[in-house]
Amino acid sequence: MPETETMTKVFARPRSLTEKRFTYCPGCHHGLITRILGSTIDKLGIQERTVVVAPVGCAVFAYEWFRCDGIQAAHGRAAAVATGLKRANPELVVLSYQGDGDLAAIGTAETVHAANRGEAITVIFVNNQIYGMTGGQMAPTTLDGQPTTSSPQGRDPATMGHPLRVAEMIAALEAPMYVTRQSLYDAKHITQATKAVEKALRYQVERRGYSLVEIVANCPTGWKMPPVKANEHIAATVTGVFPLGDLVDRG
Amino acid sequence: MERSIVFAGFGGQGVLLAGKILARAAMNEGLEVTWLPSYGPEMRGGTANCTVVIADEPVGSPIVDRPDVLLAMNGPSLDRFEPRVTPGGTVVVNRSLIERPLRRTDVRGVLLRANDLARELGEPRVANMVALGAVVRALEVVPLEAVQEAMAEELGAKGRERLVAVNRAALERGHGAPAAGMR
Amino acid sequence: MRQLMTGNEAMAEGAIRAGCRAYFGYPITPQNEILEYMAAHLPQAGGAFVQAESEVAAINMCYGASAAGVRTMTSSSSPGISLKLEGISYLAGADLPCVIVNVMRGGPGLGNIAPAQGDYFQATKGGGHGDYRLIVLAPSTVQESAELVGLAFDLSDRYRVPAMILADGMLGQMMEPVALPPHRDPATLPPKPWALTGAKGREPNYIASFALDPKDLRELNLRRHERYREIADREVRWEEVETGDAEVLLVAYGTMGRIAKTVVRRARGEGLRVGLLRPITLWPFPYEPIRALAERVRAVLTVELSAGQMWEDVRLAVEGRCPTPFYGEMGGVVPTPDEVLQEVKRLA
């Protein structure tokens, strides 16, 4: 619709996002996170130097949604790929976008060591406590007792371990500049998460070092919950296991 | 022309370095050369050996069936390599550590007390250079001066003039040691 | 002026001189000197060096650095290369250049650290998943080690196909005089318009091996295989020694290839008409030259430090034109020239 004198554009697709349609399920937080990243890239004016590293998982197509250079990494290896990009060309702003299976199970070694070296990259960690893309199997972050397709009786900590608290683990290291856990279950938390993402990217632009933003997200399809109920579940239950807030800010 | 030399001893006796210095000397003389070490766990405290092949055309095999010259710095090395020396070849035996006579009758023995001679020079660590001097003499492929130069290149950092000097003397001593006591 | 260097050092220095400006590795014997040489010298040349947390991480760092448009290398030895295979498949699938050095040791499993050639299948027939090829170069001297690394970078960039240097522990550890190739300024290398340098003044570049639609993925594969055919047509390299009147032809590569040269010399000294064909590219393999010689010789003897891996390619080349016996050693045992000569005498 053409703009007229009586209409003002107050909301638009971030310039840093392409026209390509997301492949996420309705109500999923991934789309929101992608949008937050796009608008933050716009705000910081870094679209022309940003490279998005996409994982294997629901965000496997992420590299195509940004109007930035992009690369698709092998499952779990995004932090190593990001390391290679950043070391080869320190002028790039390198954004590694990863889910919980990718980052906290198969990619644990790459995750921990990139953080421990203080690689000047920004890691966005989407913790939705499930393997969404492969059909709802148990993730390292799945809650105690939570049923999944590979833990049909619920996660039994006696044989399956407890949910892995990644932000706390990374915060124990000396090199990271900024480690935070955020959520998106209401407007207030979306605003806070947006600020955290901006800080994490700004620290990279300012050459300060490594940042990790863990985002406690939903998976309405995998959890078999309507989106509103999924958000209520995050507020009531999930944030009890994964407390929100900044863990490290050395900026 | 192609000549092959096996340097063998305990780890720490400097046989790899002796071989490397000879290889460098050969290179500086415009010859082709390979230096092949035993590597890995053998390096750490056990036996060590290296094979040097010197030729006037590109070297094919760096491993050698029948070395022309063997330097045996200790008993186990002599036991292991003596049977392989080419008939008519030379075995340089470190008499300081090896009591037994050669078993082969078809090779030439050069017996010298490398450790004792090194001690006489005031630096026990240069036994390998004393022995290398004798190898150079037996080999007759590169001049002693070239080996001394190569040694200085290999060891020569600033402030190590004394070390280079004593190694130079050790090479000379081994080179000039009477080939008496043969067999 | 010639310098006395190990094969490992020569490969590292050859890489730096070829414009390599990113290296990622992990310690494993017998190739540690490459990692150590890069740690000492690559930063001085303005390059990036990272000792990675694993071979898996190292090859994925290569994937990132290569995507950024920089000449990139990793090195390892057999068990470590097994770990890198996933990343190598991704490099191939994303059409990213990279040089991977394998200083082979005895296997399978932990095996040992002695020289072996048991990774020929892995290098030339895939190893990782999917229909891909690596350009595989097999040096046999320290001089060639320094030179082939440079060629590997050139070919890898030109065809956007990862290249492997297939060496072994003996070549890595031994020293020879080497005349090093000249330094090349990375700024003078051909541009890489596909690289991820930031979408400034152009549409974004995307690098992936991902194509969900089978028709799309088939198309990507077909285009890649056109390049493979071009490589097979243009880039076969080999050396022949005394093949003119040979009645017995040896085929051997790498360390075994240079030992075979001594075998040829000794056989000729005894009046035996023996020649050698030494493949320098293992992929593309010199099928045609071997086929041509197989028309004239009585037998083609393959000599390898394996149970007979390259032997399969030799037999594909000979296609029954003459007998194709095999002589091999495994487990890190390296036959001496005389041992091979005995085998040759049985055929001559």
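Two residues are in contact if their C-beta atoms, placed from the backbone, lie within 7 Å. The model is predicted, so local features need pLDDT of at least 70 and side-chain atom pairs count only at pLDDT 80 or more, while totals for chains, interfaces and linings use all residues. Residues are numbered from 1 along each chain as its sequence is written, and chains are lettered from A and ligands numbered from 1 in the order in which they are written.

Chain A and chain B do not touch. Their nearest C-alpha atoms lie 28 Å apart.

The contact between chains A and C takes 29 residues from chain A and 31 residues from chain C. On the chain C side, the elements that give two or more residues are strand 2 (22-25), strand 3 (48-51), helix 3 (55-67), helix 4 (78-93) and strand 9 (206-207). Helices (H or I, at least four residues) and strands (E, at least two) are DSSP runs, numbered from the N terminus. Helix 3 of chain C gives the most, with eight residues. By class, this side of chain C has 20 nonpolar, eight polar and three charged residues. Ala, Val, Leu, Ile, Met, Phe, Trp, Tyr, Cys and Pro count as nonpolar, Asp, Glu, Lys and Arg as charged, and the others, Gly among them, as polar.

Strand pairing also links these chains. Strand 2 (residues 69-72) of chain A pairs with strand 9 of chain C in the parallel sense, over two bridges. Strands pair if DSSP finds at least two bridges between them. Gly70(A) has Tyr206(C) as its bridge partner in strand 9 of chain C.

Chain C is assigned domain 1 (3-198 + 222-234) and domain 2 (239-347), with bounds from an automatic or database domain assignment. Their centres, taken over C-alpha atoms, are 27 Å apart. The contact takes 28 residues from domain 1 of chain C and 22 residues from domain 2 of chain C. Helix 5 of chain C gives the largest share of the domain 1 side, four residues. That side divides into 18 nonpolar, seven polar and three charged residues.

Helix 10 (residues 287-294) of chain C has the buried residues Ile290(C), Leu293(C) and Ala294(C). They lie on the same side of helix 10 of chain C because they cover an arc of only 105 degrees around the axis. The arc is that of the directions from the helix axis to the C-beta atoms. A residue is buried if 20 or more other C-beta atoms lie within 10 Å of its own, exposed if 12 or fewer, and partly exposed in between. The cover over these buried residues includes strand 11 (248-251), strand 12 (274-279), strand 14 (299-304) and helix 11 (310-318) of chain C.
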